[in-house]
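Please look through the sequence and the model shown here, and then read the notes that follow, which are grouped by topic.

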Amino acid sequence: MGVLASRYGLLVAFLVTILVFSLARPHSFPTWRNTQSILTLAAPSLIMAVGLTVVLVMQDFDLSIGAMIGLGSGAAMDFMVKNGIGTVPMILIVLAIAIGAGLLNGYMVAFLGGSSFIITLAMGTVLTGVEYAMTNQDTVYSGFSSSFTAIGQNNFLGLNLQIWIALVIGIIIWVLLDRSEIGRYMYAIGGNSEAARLSGVRVRILRVLGFVIVAITAAIVGLLLTAQAGSYAPNVGGSYLLPAFAAVFLGAAVFRPGEFNVLGTLVGVLFLGVIQTGLTMLDLQTYLINLVQGGILITAVLVSRLGQRQA
């Protein structure tokens, strides 16, 4: 009974939360339109959170993700609006920048022995500086091509394209972590990196790979946010840092308590999305929503630690 409660308690809480909001707002919350809205809102967060799951599995942190989202958005604006670069080349350049940032983070952490917490915090400052240098902190409302904005605004089979993109990326990372040898090695590194190294696992390379993956997902989020809005605003990624960590830690309290996992992260993202939407429908102010989300993160961390001790 205790095991079931620790594995599925959060899932039950998630369903109860949906029921509560449905009863509180019966004409607006339990509707297909609202479901579409929640899924569309959750799509960028899911992409960011599953990417972050990869580095957290190996017990590394990446605090530069918010800045990488902002740089991805700013670079998209700079290349497309100011320099007239087409959609596909622009996307490839942005992804190349993300790979470079991820390699730099990973090299300094895995090969030079820097603390991932400090290195990525500093890298976040650098990336924000690069974003501001490229964009001059100008807010831009036009100039994006229709083929680019279509990625964030068009629907496919009744759902926004962002949802399908998030689904594909989520499946890819789930396969990587849960169904591949590389994923098993990454979990081994998170369990005991020295033992993994002595067993022949290429610890440094895989840690670098983790930082590259999370940087790519952050850049994709920056691109999607810009495409969805058809505009650019400075430092758009700042608001995604805490929710991404909250979702991953929340996910570590479900299915495999104490262990970061992609399916748990999915539940965490949807849980936060439902809470944010439900509280907004109850006409609560932004600061109260932030207080609730912050409280959930603290609770998730404590529950996750408890699960690790019981494992």
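The side chains of D60 and R207 meet in a salt bridge, with 2.8 Å from N to O; a salt bridge here is a side-chain nitrogen of Lys or Arg within 4 Å of a carboxyl oxygen of Asp or Glu. This pair links distant parts of the chain, since D60 sits in the loop between α2 and α3 (65–82) while R207 belongs to helix α10 (residues 203–229), 147 residues away. The model is a predicted one, in which local features need pLDDT of at least 70 and side-chain atom pairs count only at pLDDT 80 or more, whereas totals for chains, interfaces and linings use all residues. Residues are numbered from 1 along each chain as its sequence is written, and side-chain values use heavy atoms, with hydrogens and water left out.

**Salt bridges**

- The structure holds 4 salt bridges, and the helices and strands named in these notes are DSSP runs (H or I with at least four residues for helices, E with at least two for strands), numbered from the N terminus.
- D60 is buried, with a relative accessible area of 3%, and R207 also counts as buried, at 19% relative accessibility; the term buried means under 20% relative accessible area, exposed means over 50%, and partly exposed lies in between, with a 1.4 Å probe and protein chains only.
- E194 forms a salt bridge with R197, and their closest N and O atoms are 2.6 Å apart; both residues lie in helix α9 (residues 193–198), 3 residues apart, which is about one turn of the helix.
- E194 is partly exposed, at a relative accessible area of 39%, and R197 is likewise partly exposed, at 47%.
- R256 forms a salt bridge with E259, where the closest N and O atoms are 2.8 Å apart, and salt bridges that share partners join D178, R256 and E259 into one network.
- R256 has a relative accessible area of 28% and is partly exposed, as is E259, with 32%.

**Packing of helices**

- Two packed helices are described by the angle between their axes and the distance between the axes.
- Helix α2 (residues 32–57) and helix α12 (residues 262–281) pack at an angle of about 140 degrees, with their axes 8 Å apart; axes are lines fitted to C-alpha atoms, for helices over the stretch in contact, and the angles run from 0 to 180 degrees between N-to-C directions.
- α2 and α12 are therefore oblique to each other, given that angles under 35 degrees count as roughly parallel, over 145 as roughly antiparallel, 65 to 115 as roughly perpendicular and the rest as oblique.
- α2 passes α12 in a right-handed crossing, a term used if the near helix is turned clockwise from the far one by less than a right angle, with left-handed used if it is turned anticlockwise.
- Among the residues of α2 that meet α12 are I38, L41, A42, L46 and V50, and the α12 residues in this contact include L266, V269, L270, G273 and V274, where contact means heavy atoms within 4.5 Å.
- The residues of the contact of α2 with α12 divide into 13 nonpolar, 7 polar and no charged; Ala, Val, Leu, Ile, Met, Phe, Trp, Tyr, Cys and Pro count as nonpolar, Asp, Glu, Lys and Arg as charged, and the others, Gly among them, as polar.
- The axes of α3 and α4 come within 10 Å and cross at roughly 145 degrees, and α3 passes α4 in a right-handed crossing.
- The contact of α3 with α4 is made by residues including L71, G72, A75 and F79 of α3 and M90, I93, V94 and I97 of α4, and by class it has 12 nonpolar, 2 polar and no charged residues.

**Two buried residues in helices**

- N105 is found in helix α4 (residues 87–111) and counts as buried, at 2% relative accessibility.
- Leaving out residues up to four places away in sequence, N105 touches D62, S64, I119, T120, M123 and F211.
- T40 lies in helix α2 and is buried, with a relative accessible area of 15%; beyond residues up to four places away in sequence, T40 touches N160, Q162, I163 and Q228.

**Positive phi in loops**

- Most residues other than glycine have a negative phi.
- L157, although not a glycine, has a positive phi of about 55 degrees; L157 is found in the loop between β1 (155–156) and β2 (159–160) and is exposed, with a relative accessible area of 66%.
- N235 is not a glycine either, and has a positive phi of about 55 degrees; N235 lies in the loop between α10 and α11 (241–251) and is partly exposed, at 34%.
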